[in-house]
Amino acid sequence: MTAKHYDLAVVGAGIVGLGHAVAALRRGLTVAVVDRASTIGGASVRNFGHLCLTAQDGEAREYAELARELWLTLAPAAGFWLKESGTVVVARADDELAVLSEFQDARGDDEVRMLSAGEVRELVPVGDGVAVGGAMLPRDLQVDPREASLAIAQWLEAHGVDFFWSTAVLAVETGVVHTTRGRVAADAVVVAVNYDVDLLFPGIAEAHGIQRCGLDMLLVDADLERPLSAPLLTGWSLLRYAGFTGLSSAAGLRARLADEHPELLALDLNQMYTQRPDGSLIVGDTHYRGADVPPFQSEAAFDALLEQARLLFGTDRIRVRERWQGVYASAPDEFLLASPAPQVRVVSVTTGIGMTTGLGFAERVVGKLFSSAPALAGAGTAG
Ligand SMILES: Cc1cc2nc3c(=O)[nH]c(=O)nc-3n(C[C@H](O)[C@H](O)[C@H](O)COP(=O)(O)OP(=O)(O)OC[C@H]3O[C@@H](n4cnc5c(N)ncnc54)[C@H](O)[C@@H]3O)c2cc1C
């Protein structure tokens, strides 16, 4: 397949695999990326493009901060759309406002700015009388998921990273990646195949409790009063991200939503929205976990997502452009990092925050694998 010997071979060209290639390039290393698909089509294009760092905690927060700097450097270098948008969280009830207020107390003014109902309406077109208040998380970012990872891959290729598309990896050992087109030799190998860890390393997947999490998503055109100035989270999101869920007021919110909306809780709803540069709105999402994701998406779930959007934005004029299913790896821990053989790492972001954290996680993994090669400043090589 190739006689070349690389410093690093990466299996998987999603944002996590690409992050490892970026981190290696920053150290002046030679890199090959192998993906079984003909282009990027996994979770890294099926998401909201929401770089939601403020709501993260612990290890995820550390990776998200690192990733933020890398996103800000990569966007102009690779030429893709990135908005320093912040995030708006709309509160529709006092208990949601209480969680945001506790979050503000914990994080301070630089990270969380409380908003009045009127200020929420100025930033996002929620219906009249819907909001009781909200918060702005000013450090969060937004990218267009249809564009960003692809642009990073093209940028890497232009800087000498070799991509082997339509090439499935069958097995990995120290120094060698075995593929359907032959072998790739490399000093180190990183396997970043998202939920498909169980196909290459079933023992690791079992030991870490890795499952697949399926999500129902929509792209819609909506007649809104004005565009969304930022990604929009709701009270449902306050039950989700680690920065919120650890707060004492979150338990009461969960109990109230479970009582009032058991059907939405059963869908494991995270009601949230991002608006792409062309004006279309990404609407989501539901969650269902298992060893496999059923191929049959429930229309009832889409009905619920659309009904919630109508209620929030106070409009019936919402037309569906696309529906799709996203899948990501899910496990009790937020990150998988395993070493099945010397100089081989198996990595996965095992909750739905890989766009936010993946680049930072990768930077840490490569930094440890190649500790003698310091990273250059910026995203990569000159030019
Ligand atoms: C609907 C949805 C919404 C989300 N929203 C957000 C969000 O707004 N913000 C956020 O931070 N995160 C979000 N996430 C999570 C984020 O998208 C994922 O965590 C991230 O994209 C995972 O990246 P990845 O590189 O691990 O996986 P993927 O992008 O799925 O890439 C894995 C790659 O591995 C390749 N591969 C698999 N097996 C092999 C093999 N044997 N040989 C060769 N190649 C192989 C696949 O072809 C694929 O290209 C969302 C996820 C989903 C599904």
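Me: How many helices and strands does the chain have?
Reply: This is a predicted model, in which local features need pLDDT of at least 70 and side-chain atom pairs count only at pLDDT 80 or more, while totals for chains, interfaces and linings use all residues. Residues are numbered from 1 along each chain as its sequence is written, and side-chain values use heavy atoms, with hydrogens and water left out. The chain has 13 helices and 20 strands, these being DSSP runs numbered from the N terminus (H or I, at least four residues, for helices; E, at least two, for strands).

Me: Why is the chain called as compact as a globular protein of that length?
Reply: Its radius of gyration is 21 Å, close to the 21 Å that the globule rule gives for 383 residues, so the chain is as compact as a globular protein of that length; the radius is taken over C-alpha atoms, and the rule is 2.2 Å times the number of residues to the power 0.38. Along its principal axes the C-alpha trace spans about 65 × 40 × 40 Å.

Me: Why is histidine 287 called buried?
Reply: Buried means under 20% relative accessible area, exposed over 50%, and partly exposed in between (1.4 Å probe, protein chains only). Histidine 287 has a relative accessible area of 7%, so it is buried. The residue sits in the loop between strand 16 (281-284) and strand 17 (288-290).

Me: What makes the pair histidine 287 and arginine 240 a polar contact?
Reply: Their side chains are joined at 3.4 Å, and a polar contact is a pair of N or O atoms within 3.5 Å (within protein, one must be able to donate a hydrogen and the other to accept it, and residues adjacent in sequence count only if both atoms are side-chain atoms).

Me: Which side-chain atom lies 2.6 Å from an oxygen atom of the ligand?
Reply: An N or O atom in the side chain of threonine 356 lies at that distance, while a nitrogen atom of the ligand is 2.9 Å from a polar backbone atom of valine 169.

Me: Why is the ligand said to lie between domain 1 and domain 2?
Reply: Domain 1 (5-79 + 145-209 + 332-369) and domain 2 (87-138 + 211-330) both give residues to the shell around the ligand, so it lies between them; the bounds come from an automatic or database domain assignment.
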